[in-house]
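Hello,

Here is the structure we talked about. Please open it alongside this note.

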Amino acid sequence: MSAINTTSAESTILIRRVEADLRRNIALAAQAKSAMDEVQASSLKVTVVVGDIGGQVQAGYLSGSDILKRSDTIAGLMAEAADTAATTSALADNMRQMSARMLSIVHRFRVGLPG
């Protein structure tokens, strides 16, 4: 009987140790779950921030593209203005030449005036 009592007492001690180990493992698992939840929440926040950054980069890219398009438009308008100025200058030169010829013709037909 004493062997049974001894074995029973040892078994009880072992069961209590296993129970204590199980409680520690459960507590550690709960802490690990909490840590994983925090990691997941942080990951979601990072994902949102990265998405926001991506949106800002896209907006910057679109703004840059718009600026380039407008610069091309301005360059085209400046080229047209330069062409128009050259045409206007040529027309003004032609008008001066025509005026000089007309003055010469008028001077030829003046009667009684010197010159």
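Below is what turned up, starting with the salt bridges.

First, a caution: this is a predicted model.

Salt bridges: the count comes to five.

Glu19 pairs with Arg23, with the closest N and O atoms 2.7 Å apart. Both residues lie in helix H1, four residues apart, about one turn of the helix. Arg23 counts as exposed because its relative accessibility is 56%, and the cut-off for exposed is over 50%. Glu19 is partly exposed, at 35% relative accessible area.

Arg70 and Asp66 also meet through their side chains, at 2.9 Å from N to O. Arg70 is exposed at 52% relative accessibility. Asp66 is partly exposed at 35%.

Asp93 bridges to Arg96, and their closest N and O atoms are 2.5 Å apart. This pair is in helix H1 too, with a spacing of three residues, about one turn of the helix. Asp93 is partly exposed at 36% relative accessibility. Arg96 is exposed at 53%.

Next, the nonpolar surface. Val18, Leu22 and Ile26 make a nonpolar surface patch of about 290 Å². Leu22 lies in helix H1, which covers residues 2-109. Leu22 has a relative accessible area of 48%, so this residue is partly exposed.

Best wishes

Definitions and conventions. Residues numbered from 1 in each chain as written. Predicted model: local features only at pLDDT ≥ 70, side-chain atom pairs only at ≥ 80, totals over all residues. Heavy atoms only, no water. Patch = residues over 30% accessible without salt bridge, like charges linked within 9 Å, V, L, I, M, F, W, Y side chains within 5 Å. Areas by Shrake-Rupley, 256 points an atom, 1.4 Å probe, with all protein chains shown as cover. Salt bridge = Lys/Arg side-chain N within 4 Å of Asp/Glu carboxyl O. Helix = DSSP H or I, 4+ residues; strand = E, 2+ residues; numbered from the N terminus. Buried < 20%, exposed > 50% of the residue type's maximum accessible area, 1.4 Å probe, protein only.
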